[in-house]
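Welcome, and please take a moment to look over the structure below. A short tour follows, arranged by topic.

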Amino acid sequence: MTDLLLLEGVSRSFGGVPAVHPLTLSVPSGKTTVLVGPSGSGKSTLLRMMVGLVRPDTGRVLFEGRLLTPASAPDERRRMGLVLQGGGLFPHLDVEGNAALVARYLGWDEARIRARLRVLLERVRLKDDVLGRYPAELSGGQRQRVSLVRALMLEPALVLLDEALGALDPITRSELQDDLRATFRALGTTVVLVTHDLGEAAYLGDTLVLLRDGRVVQTGTAEDFVQRPADEFVQRFVRAQRALPEVTRG
Amino acid sequence: MSGLHALALGLLFAAPVRVGSKVFTESVVLGEVATRALLASSIPAVHRRELGGTRILWDALERGDLDVYPEYTGTLAQEIFAAQVPATLEALGPALAARGVRIAALLGFSNTYALGMKEATAEHLGIRTISDLARHPELRFAFSNEFLDRGDGWRALQRAYGLPQGNVRGMDHDLAYRGLATGAFEVTDLYSTDAEVKELDLRLLKDDKQHFPDYQALLLLREAAATPEVVAALSRLQGRITQRDMVAMNARAKVDRVPEATIAADFLRARGIDSAPPQLPGRARRMLGYLKDHLVLVGVSLLGAVLFGLPLGVFAARRPRLGQGVLAAVGVLQTLPSLALLVLMIPFLGIGAKPAIAALFLYGLLPVVRNTHAGLTGISGELREAAEALGLSPRARLWRIELPLASPSILAGIQTSAVICVGTATLGALVGAGGFGQPILTGIRLDNTGLLLEGAVPAALLALAVQGGFELVGRFVVPRGLRLTGPDET
């Protein structure tokens, strides 16, 4: 049991307001860790610290045992793939341009890029003909799939998704949840996922980390949250997902 | 040493003698006369017409941007030597020599400053002398801007005669005549050889306190350009132009709208100095010349504005604090009146295209810098994060992501800059840069609408063409993906 990513005593404030209180968190290799919690609980800030987009005020971040610093972050990020809520696709590049951006920058030859794209498109159930389309010509679900292809392009050790499905309609969302789970299982990738949807967290995650006001309230499985809530807040958070018990346990 | 000297003289002789003139008709006619007199002696010469006021011409002469220009003794004494030297030839000769300038010819007439009123008004109010004006404080005055500012101008005159009038404004000399004709004011300064004196039936008020110094017309010649041939050619004009000749030539230019080149050629032919007919380029040739000048002014300054403005805009976006300073600085440049900016360049760059290009360059910076900055800082937080999270180097992010995303804004900035430059470049003619401003300047001076439109219409069309050209360029430069309107892409 190794930790791919380790956050030790990290904290961060914005303009004097603490977003994350000092906390320690490990992300085990090959598993999906879900940061779950209400808006403003600090889960997105925590995710950004993992990628080096936000620098912790205290503590340190270790990725594959190496200290993540502003100097090392750009190189380390090529071993990570990030999918943002809106997809974060560059509107001036077509699908291929977006997905192959870094590979081209690193000097991959075109045959290798083609081959990799073909595998990934099939993996996320996209047809080859989307390659020449621009983000503006894609549906929301297609955009998230392309964004996932871009994140997986360099075979990263870690994939991070920040509310990646949050803006999608329920049907597209559940389809993508299926595809994400299948993809991550097949690739054995380590995943960190941020969501405020406990159902999604339960479906995709091996370990759930429930955050509130920048602090970890409980770590465990969805079942732990339901059966053995750490405090009254966990109970309330579980109960707030109204339809959840009937749907997932029905 | 003597070999070098000969070589230097040879080079001087090969380069055309540059004759300048101020931005009023008599000066242009005299510049034309001097140029043609040189050409008649087989000396290459060019006339840089309508360059501005005394300071600009004199500075250009001292700097070596010009070799010859027509001037007046009184102006030299008052303006150049700040009344430290009397307006006599005996005093001016050595003073000029000390500055490397000589008098190549005394032309034979004087053109003194005078105050003028419409004959009927003056008669009605019983005004004959400048002293008489003191009895009519209600009279409105309008003076040429140069007269308002110069040493022997309005302030000195007001003191000398104790004039009480407070309603005094400055305007272009030629516009002042129009204002006088329409009754916008009653008194203006004028030159005693002006064609309008006769044309508008003006009364010249007697300078009863002999305030205005003598203004004998002469040609100044830079010593370094004073080869024996040039000296000989210009000395043929010595004493050849009478007061009557000058008024007649001014009237032909202003009233009959005869081109100065023709007037000068006719005059020199009548005096037996030059027999060649005037060579006036046809309208098409003329327009092509203006267009070429104009495009060079706009093209070079715009290129500079882009080459400097783009990096400045990137810098401003990368370093928000220093960036505010950069934006403020280029913003201040933009607030300077373009004419002032143009004239401010002359001490550093002389006359001609250079100061105009420098001024246009500074003027064109703001839109490029501001739009580059706006384009880059306007990139959404998510795209910025996505770019950073991909692990591209800052340079790669700039070139592959940020600049393409900002390209519509940057292009719009360059377009604005280009259109501003096309319009502002018309002022370049004031410092001898040519372009479509030249016919506009001449048109205003001669009150010739046709000539004015010859510059104004093409300049406006050029601005439209530039505008359209950039729309076209946008189709190639702005990435296709940015021209699509997506469902929730903004």
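How many residues of chain B are in contact with chain A? 23 residues of chain B touch 22 residues of chain A, where contact means that the C-beta atoms, placed from the backbone, lie within 7 Å. This is a predicted model, in which local features need pLDDT of at least 70 and side-chain atom pairs count only at pLDDT 80 or more, while totals for chains, interfaces and linings use all residues. Residues are numbered from 1 along each chain as its sequence is written, and chains are lettered from A and ligands numbered from 1 in the order in which they are written.

**Where chain B meets chain A**

- Helix 18 (381-389), helix 19 (394-424) and helix 22 (480-483) of chain B each supply at least two residues of the side that touches chain A; helices (H or I, at least four residues) and strands (E, at least two) are DSSP runs, numbered from the N terminus.
- Helix 18 of chain B gives the most to this side, with six residues.
- By class, the side of chain B that touches chain A has twelve nonpolar, five polar and six charged residues. Here Ala, Val, Leu, Ile, Met, Phe, Trp, Tyr, Cys and Pro count as nonpolar, Asp, Glu, Lys and Arg as charged, and the others, Gly among them, as polar.

**The domains of chain B**

- Chain B is divided into domain 1 (2-110 + 214-270), domain 2 (113-205) and domain 3 (283-482), with bounds that come from an automatic or database domain assignment.
- Taken over C-alpha atoms, the centres of domain 1 and domain 2 of chain B are 28 Å apart.
- Their contact takes 16 residues from domain 1 of chain B and twelve residues from domain 2 of chain B.
- On the domain 1 side, helix 4 (73-80) and helix 12 (243-254) of chain B each supply at least two residues, and helix 12 of chain B has the largest share, six residues.
- That side of domain 1 of chain B divides into nine nonpolar, four polar and three charged residues.

**A sheet in chain B**

- Five strands of chain B form an open sheet in the order 7-6-8-5-9, with mixed pairing; two strands pair if DSSP finds at least two bridges between them.
- Strand 7 (168-171) and strand 9 (202-205) of chain B are the edge strands, each pairing on one side only.
- From one strand to the next, the twist averages 40°, with angles running from 0 to 180 degrees between N-to-C directions and axes being lines fitted to C-alpha atoms, for helices over the stretch in contact.
- Strand 5 (residues 113-118) of chain B runs antiparallel to strand 9 of chain B, and four bridges join them. B:Lys118 has B:Leu202 in strand 9 of chain B as its bridge partner.
- Helix 9 (residues 173-182) of chain B packs on the sheet, touching strand 5, strand 6 (141-144), strand 7 and strand 8 (187-191) of chain B.

**Helices around helix 17 of chain B**

- The axes of helix 16 (residues 338-349) and helix 17 (residues 353-377) of chain B come within 8 Å and cross at roughly 130°. Helix 16 of chain B is therefore oblique to helix 17 of chain B, since angles under 35 degrees count as roughly parallel, over 145 as roughly antiparallel, 65 to 115 as roughly perpendicular and the rest as oblique.
- The contact of helix 16 with helix 17 of chain B has eleven nonpolar, one polar and one charged residues.
- Helix 14 (residues 283-318) of chain B has an axis that comes within 6 Å of that of helix 17 of chain B, crossing at roughly 35°.
- The contact of helix 14 with helix 17 of chain B has 21 nonpolar, eight polar and no charged residues.

Notes: Contact = placed C-beta atoms within 7 Å.
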